[in-house]
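Please open the model in your viewer and keep the selection tool at hand. We will go from stop to stop, picking a residue or an element each time and looking at what is there.

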Amino acid sequence: MARSTLQFIILTIIIVLAQVIVFNHVCLFDVAMPFVFIYVLLRLPMSLNVNWVLTAGFLLGLLIDMFSDTYGMNALAGTVLAQCRQYVLRLYLAPEEESSQQETSMHSLGTEVYAKYLLTMTLLYCCLIFVIEAFSFFNPVQLMLRIVASTLLSWSIMMGIDALISKQFGRTG
């Protein structure tokens, strides 16, 4: 238990640093921006109390906001994402599987279910962050393009990270 907690804390530090130092400065074709730090929030154990998850979502978003000059946008979107996490996972799991799942990873959920969960949550986050940023639907085509492109870029990177993490830590995550 203590070893997996320490691994998760180290993973969180690495992902947040990568987001702040690298991914905040990546923008493909002035459209797609990777939001990889949400991976930490999505990997939290499902058995964790919802209050802790909401707090983690808010603090993680606030930490990214401090380094990104986004004035609370990530904190808001992270908190909403934390609230929706269990409901989205229930869309893809059978009721009898729900209680047996302690962690959310490609290994524990299976590739198909995990990919759907990660894609849905990433899409939700990108919708939230870009609508908050634009605060209007003034240019809906550009908004949709940014949402779809950023979702696919972020999802691809996070799927790769999860594949590496599963191999690195012997599938314990």
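Start by selecting Tyr 125. In this predicted model, Tyr 125 has a relative accessible area of 0%, so it counts as buried.

How are the rings of Phe 37 and Tyr 125 arranged, edge-to-face or stacked? They are edge-to-face, with 5.7 Å from centre to centre and 85 degrees between the planes. Phe 37 sits in the loop between α1 and α2, while Tyr 125 belongs to helix α7, so this pair ties together parts that are 88 residues apart in sequence. Select Phe 35 and Phe 130 too, and you have one aromatic cluster made of Phe 35, Phe 37, Tyr 125 and Phe 130. The whole structure holds 4 aromatic pairs.

**Along helix α7**

Stay on α7 and pick Tyr 114 and Tyr 117. Both are buried. They lie 3 residues apart in the helix, about one turn. An α-helix has 3.6 residues a turn, so residues three or four places apart point the same way. The rings of Tyr 114 and Tyr 117 form a tilted aromatic pair, 6.3 Å centre to centre with 45 degrees between the planes.

Next, colour Glu 112 and Lys 116 by charge. Side chains of opposite charge can pair when their charged atoms come close. Glu 112 and Lys 116 do form a salt bridge, and their closest N and O atoms are 3.2 Å apart. These two residues of α7 are 4 residues apart, again about one turn of the helix. Glu 112 counts as exposed at 55% relative accessibility, and Lys 116 as partly exposed at 38%.

Select Arg 146 and Glu 133, whose closest N and O atoms are 3.0 Å apart in a salt bridge. Arg 146 is in helix α8 and Glu 133 in helix α7, so the pair ties together parts that are 13 residues apart in sequence. Arg 146 is buried, with a relative accessible area of 19%; the cut-off for buried is under 20%. Glu 133 is partly exposed at 39%.

Then move to Arg 43 and Asp 162. Their side chains meet in a salt bridge at 2.5 Å, N to O. Arg 43 lies in the loop between α2 and α3, and Asp 162 in helix α8 (residues 140-168), so parts that are 119 residues apart in sequence are tied together here.

**A threonine in a loop**

Select Thr 104, found in the loop between α5 (95-98) and α6. Its relative accessible area is 0%, so Thr 104 is buried. Leaving aside residues up to four places away in sequence, Thr 104 touches several residues, including Arg 43, Leu 89, Tyr 114 and Tyr 117. You have already met some of these on the tour.

**Helix α4**

Leu 89 leads us to α4, where it is one of the buried residues. Others among them are Met 73, Leu 81, Arg 85 and Val 88. What do the buried residues of α4 pack against? They pack against α2 (38-42), α3 (50-68), α6 (106-109) and α7 (111-134).

Turn the view to look along the side of α4. There is a kink of about 40 degrees, centred on Cys 84. At 1.5 Å a residue, the 20 residues of α4 (residues 73-92) should span 28 Å, and the end C-alpha atoms are 28 Å apart, which agrees.

**Last stop: two loop residues**

Phe 29 lies in the loop between α1 (2-21) and α2, and its phi is near 55 degrees, a positive value in a residue other than glycine. Phe 29 is exposed, at 78% relative accessibility. Tyr 71, in the loop between α3 and α4, has a positive phi near 55 degrees too. At 77% relative accessibility, Tyr 71 also counts as exposed.

Conventions
Residues are numbered from 1 along each chain as its sequence is written. This is a predicted model: local features need pLDDT of at least 70, side-chain atom pairs count only at pLDDT 80 or more; totals for chains, interfaces and linings use all residues. Side-chain values use heavy atoms; hydrogens and water are left out. The expected span of a helix is 1.5 Å times one less than its number of residues. The bend at a residue is the angle between axes fitted to the seven residues ending there and the seven starting there. Buried means under 20% relative accessible area, exposed over 50%, partly exposed in between (1.4 Å probe, protein chains only). Contact means heavy atoms within 4.5 Å. Rings of Phe, Tyr and Trp (its six-membered ring) pair if their centres lie within 6.5 Å; planes under 30 degrees apart count as stacked, over 60 as edge-to-face and the rest as tilted. A salt bridge is a side-chain nitrogen of Lys or Arg within 4 Å of a carboxyl oxygen of Asp or Glu.
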